[in-house]
Amino acid sequence: MVAETSVEPRQLVLPMFVREGIDEPQPIGSMPGVVQHTRESLRKAAAEAAELGLGGVMLFGIPATKDATGSGAIDPAGILNLAINDVVAEVGEGLTVMSDLCLDEFTDHGHCGLLTTDGEVDNDRTLAAYADMARAHAEAGVDMVGPSGMMDGQVRVIREALDASEHQGVSILAYSAKYASAFYGPFREAVDSSLEGDRRTYQQDSPNAVEGVREALLDVAEGADIVMVKPALAYLDVIRRVRDAVDVPVAAYNISGEYAMVEAAAARGWIDREPAILETLTSIRRAGADVILTYWAAEAAHLLRL
Ligand code: PBG
């Protein structure tokens, strides 16, 4: 009767991976229960997500070949663009179809942006590539793009590119306060990442919360429709601060390492899995997130119906 916080399926977004050139879904070792989908199995999973009443799906593509500029991200026949098309055709208005707008799955060096000759990530040259990628996703029919590369000015450039190409209706979920985190480990396996080194020149530094709020405010000013904090659990305070500072919805990404920790402990019988999942999601909502991206989205929707 007096519960202050609830978790509802409509507040959950399911991230999904689709891989080019496979015939069967491939399990991801460090994320038990999560797979790299074929185009066909992705369609089915998206239809199920819509039936369960989830708020959306977030799509990540894994191309068969990569290159220095991540050209597969922009190619209309690239795996992610094809998958957006498939899912939009499958679920229609049933939920919000979102796409990861970042080059890291498509570059052979694994960075989120283009590199200078010295091997540094080149912020401003990358922005032009993001504009092209935004147009490609919009052409494929996406509802909302999720720029996750943490380049300065990315939201402004993407908004301008969408508006100038008559895609004013496509909205932006900005990965605003995205911290350079050890908890992304399993994701790197999930997308067959080529990254060596780290992303510390463009992602946030974990001691800094004020800076996370500043990043969110900048993105709102640039035209973000939703701002996101990521990871979630080690940054619940940042979620709260951002929620108090902005007047748009706030999302939080319950990331791969957070998923893997619970799954690994539960597999050993060290914690009770289902209550741990619901408690995790409740804590993120209590911290102030309006929307949660979580690999448990479909399962949580089942649990919440019981
Ligand atoms: C970058 C991206 C990452 C994640 C989502 N988008 C990885 C990174 O920044 O290294 C991580 C998601 C997760 O760990 O679940 N395209």
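This report describes the fold, the cysteines, the backbone features and several helix residues of a predicted model.

## Overall architecture

The chain is built from ten helices and ten strands, and its C-alpha trace extends over about 55 × 45 × 40 Å along the principal axes.

Of the 306 residues, 56% count as buried. When contacts between residues at least 6 apart in sequence are considered, 76% of them join residues at least 24 apart.

## Surface and charge

The chain exposes about 12800 Å², and carbon and sulfur atoms supply 49% of that area. The side chains include 24 positive and 48 negative ones, and the centres of these two sets lie 3 Å apart.

## Cysteines

How many disulfides does a search of the whole structure find? The search finds zero. C102 is in no disulfide, and the nearest cysteine sulfur to its own, that of C112, is 3.3 Å away; C112 is likewise in no disulfide, with the sulfur of C102 as its nearest cysteine sulfur at 3.3 Å. The pair is not counted because a disulfide here requires cysteine sulfur atoms within 2.5 Å, whereas the sulfur of C112 lies 3.3 Å from that of C102. In general terms, a disulfide is a covalent bond between the sulfur atoms of two cysteines.

Are these two cysteines buried or exposed? C102 counts as buried, since its relative accessibility is 0%, and C112 is buried as well, with a relative accessible area of 1%.

## Backbone features in loops

A cis peptide bond joins K230 and P231, with omega at about -10°. P231 has its place in the loop between β8, which covers residues 226-230, and α7, which covers residues 236-245.

Two residues other than glycine have a positive phi and are described here. E166, whose phi is near 60°, is found in the loop between α4 (154-164) and β7 (171-178), and E166 is exposed, with a relative accessible area of 68%. D192, whose phi is near 50°, has its place in the loop between α5 (185-190) and α6 (210-222); at 31% relative accessibility, D192 counts as partly exposed.

A301 lies in helix α10, which comprises residues 297-305, and A301 is buried, with a relative accessible area of 0%. Although A301 and L12 are 289 residues apart in sequence, their C-alpha atoms are 8.3 Å apart in space.

Which residues are in contact with A301, once its neighbours within four places in sequence are left aside? They are P9, L52 and L54.

## Helix α8

Helix α8 covers residues 256-267 and includes E263. E263 carries an acidic side chain of the kind counted as negative, yet E263 counts as buried, because its relative accessibility of 8% falls under the 20% cut-off. The C-alpha atoms of E263 and M31 are separated by 7.7 Å, while the two residues are 232 residues apart along the chain. Not counting residues up to four places away in sequence, E263 touches P32, R273 and W296.

A260 also lies in helix α8, and at 15% relative accessibility A260 counts as buried. A260 and F183 are 77 residues apart in sequence, with a C-alpha to C-alpha separation of 9.1 Å. With residues up to four places away in sequence again set aside, A260 touches S30 and P186.

## Helix α2

N85 lies in helix α2, which comprises residues 79-91, and at 40% relative accessibility N85 counts as partly exposed. The C-alpha atoms of N85 and G141 are separated by 6.0 Å, and these residues are 56 residues apart along the chain.

Key: Residues numbered from 1 in each chain as written. Predicted model: local features only at pLDDT ≥ 70, side-chain atom pairs only at ≥ 80, totals over all residues. Heavy atoms only, no water. Helix = DSSP H or I, 4+ residues; strand = E, 2+ residues; numbered from the N terminus. Buried < 20%, exposed > 50% of the residue type's maximum accessible area, 1.4 Å probe, protein only. Contact = heavy atoms within 4.5 Å. Areas by Shrake-Rupley, 256 points an atom, 1.4 Å probe, with all protein chains shown as cover. Charge placed at Lys NZ, Arg CZ, Asp CG, Glu CD.
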